[in-house]
Amino acid sequence: MTELLLHTADELHKLPRTGRRAVVMTMGALHEGHATLIRTAREQAGPEGQVVVTVFVNPLQFGAGEDLDRYPRTLDADLSIAREAGADAVFAPAVEEVYPGGDPQVRITAGPMGERLEGSTRPGHFDGMLTVVAKLLHLTRPDLALFGQKDAQQLALIRRMVTDLNFPVEVVGVPTVREEDGLALSSRNRYLSPADRQTALALSRALFAGRDRLAAQAALRARAEAAPATDERATALARLGEIRASADAHAVSAACAGLPAAVRAAASHVLDDAARSEPPLVLDYLALVDPKDFTEAGPDFTGQAVLAVAAKVGTTRLIDNIPLEFGAHS
């Protein structure tokens with residue numbers, strides 16, 4: 001197993017390159033979500049390519065009072081998971097190797113997008129994240145870099161950094177991996193007690209409720225728009241099964257208006273219930289945002305959006321999100 005493990009930049013640079021190199025950046029404590037990233041990297045790099053996994057708990061992205069010292073460090077288990085998933089090498093440097101001069105005086109700033117949602121709750125977090133990602137991209141020199149969509153704001157900021165600063169790398173987003181009960185896989189899940197976990201399930205249930213509300217109201221809108229815009233519209237709607245709407249054809253369109261607000265309301269209802277659970281869910285934010293800049297989606301928003309939530313259960317803070325697609329209004 002030791003041949004898999006690299007600790008220094010010099011060892012990394014001496015690693016022979018074969019085909020395309022794909023990198024998966026982690027902070028260790030690997031789980032099935034990370035394994036999925038590594039397997040996807042293996043597929044994308046191809047049999048002649050190379051997969052490098054980085055394991056580094058980056059102190060720059062932990063704020064005051066956050067869990068840097070508590071963050072799990074399980075390198076032996078990480079090596080086993082990485083190898084089984086198809087990694088060719090694991091780069092696990094010490095802090096002094098990544099930051100040889102101590103805290104870096106020059107850092108990458110995330111800009112306005114990095115001040116929203118997670119950035120508002122955790123000031124400076126995204127600056128630290130982008131700084132270490134930039135350093136690891138320089139050190140690993142990959143053709144591909146794979147990141148999980150669970151950290152949607154992080155992924156969006158990395159894409160923006162790569163574009164704005166002309167990094168010669170393709171950024172690949174990999175869908176969130178969930179446990180059977182819907183909870184998004186996270187290294188922090190291990191901190192949840194059985195009771196905490198039951199409450200934490202409200203995060204994914206809220207997101208799915210928002211997704212289902214969008215699907216239901218979009219289907220209703222489609223049925224309304226399929227009906228002829230004549231005096232016979234109410235009759236047509238009745239034949240389609242919309243008995244109540246048949247009394248007033250325009251009521252269907254009115255009911256479907258403001259889909260973003262309806263999505264938020266459906267998700268909020270689930271989270272409000274969880275706030276009364278024991279232990280309670282303490283909501284940080286629920287947001288429906290444009291993934292290009294993480295600004296809130298307006299009432300007439302169309303295109304791809306991200307429904308994101310963050311909350312604390314007990315002493316553990318969790319995040320989750322799902323992508324949604326809002327169709328154009330007629």
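Biologist: Let's start with Arg178. Is Arg178 buried, exposed or partly exposed?
Modeller: Arg178 is partly exposed in this predicted model, with a relative accessible area of 24%.

Biologist: And what does the side chain of Arg178 meet in a salt bridge?
Modeller: The partner is Asp320, and the N to O distance is 2.7 Å. That pair links distant parts of the chain: Asp320 sits in strand β9, while Arg178 is in the loop between β6 (170-174) and α8 (194-226), 142 residues apart.

Biologist: Is Asp320 buried or exposed?
Modeller: Asp320 counts as buried, because its relative accessibility is 4% and the cut-off for buried is under 20%.

Biologist: Which residues does Asp320 touch, leaving out those up to four places away in sequence?
Modeller: Arg178, Ala184, Leu203, Ser204, Leu207, Leu307, Ala308 and Val309. With Arg178, the side chain of Asp320 also makes a polar contact of 2.7 Å.

Biologist: Okay, what about Asp181? Which residue forms a salt bridge with Asp181?
Modeller: Arg197 does, and the closest N and O atoms are 2.9 Å apart.

Biologist: Is Asp181 buried or partly exposed?
Modeller: Partly exposed, as Asp181 has 35% relative accessibility.

Biologist: How many salt bridges does the structure hold?
Modeller: There are 14. One of them is between the side chains of Arg317 and Glu118, at 2.7 Å from N to O. Arg317 is in strand β9 (residues 316-326) and Glu118 is in helix α5 (residues 118-121), so the two tie together parts 199 residues apart in sequence.

Biologist: Is Glu118 buried or exposed?
Modeller: Glu118 is buried, with a relative accessible area of 6%.

Biologist: Which residues do salt bridges with shared partners join into one network?
Modeller: Glu118, Asp284 and Arg317 are joined that way.

Biologist: Switching topic. How many aromatic pairs are there?
Modeller: The structure holds 2. In one of these aromatic pairs, the rings of Phe301 and Phe326 have centres 6.0 Å apart and planes at 85°, so the arrangement is edge-to-face.

Biologist: Is Phe326 buried or exposed? And what about Phe301, buried or exposed?
Modeller: Phe326 counts as buried at 2% relative accessibility. Phe301 is buried too, with a relative accessible area of 14%.

Biologist: Now helix α3. Which residues of α3 are buried?
Modeller: In α3 (residues 75-85), those are Asp78, Leu79, Ala82 and Ala85. They span an arc of only 140° around the axis, which puts them on the same side of α3.

Biologist: What's exposed on the other side of α3?
Modeller: Asp76 and Glu84 are exposed there.

Biologist: What covers the buried residues of α3?
Modeller: The cover includes β1 (5-6), α2 (32-45), β3 (50-55) and β4 (89-91).

Biologist: Zoom in on Ala85. What is Ala85 in contact with, leaving aside neighbours within four places in sequence?
Modeller: Ala85 is in contact with Ala35, Ile38, Arg39 and Arg42. The relative accessible area of Ala85 is 7%, so the residue is buried. For a distance along with that, the C-alpha atoms of Ala85 and Thr40 are separated by 9.1 Å, and the two residues are 45 apart along the chain.

Biologist: What comes just after α3?
Modeller: Gly86, which takes a positive phi of about 115°.

Biologist: Let's zoom out. How many helices and strands are in the protein?
Modeller: The protein has 12 helices and 9 strands.

Biologist: What share of the residues counts as buried?
Modeller: 51% of the 330 residues.

Biologist: And how much of the contacts comes from residues 24 or more positions apart?
Modeller: Such residues account for 73% of the contacts with a separation of 6 or more.

Biologist: Last one: what does the accessible surface come to?
Modeller: About 15700 Å², and 53% of that belongs to carbon and sulfur atoms.

Methods. Residues are numbered from 1 along each chain as its sequence is written. This is a predicted model: local features need pLDDT of at least 70, side-chain atom pairs count only at pLDDT 80 or more; totals for chains, interfaces and linings use all residues. Side-chain values use heavy atoms; hydrogens and water are left out. A salt bridge is a side-chain nitrogen of Lys or Arg within 4 Å of a carboxyl oxygen of Asp or Glu. Helices (H or I, at least four residues) and strands (E, at least two) are DSSP runs, numbered from the N terminus. Buried means under 20% relative accessible area, exposed over 50%, partly exposed in between (1.4 Å probe, protein chains only). The arc is that of the directions from the helix axis to the C-beta atoms. Contact means heavy atoms within 4.5 Å. Accessible areas come from the Shrake-Rupley method with a 1.4 Å probe; for residues, only the protein chains shown count as cover. Rings of Phe, Tyr and Trp (its six-membered ring) pair if their centres lie within 6.5 Å; planes under 30 degrees apart count as stacked, over 60 as edge-to-face and the rest as tilted. A polar contact is a pair of N or O atoms within 3.5 Å; within protein, one must be able to donate a hydrogen and the other to accept it, and residues adjacent in sequence count only if both atoms are side-chain atoms.
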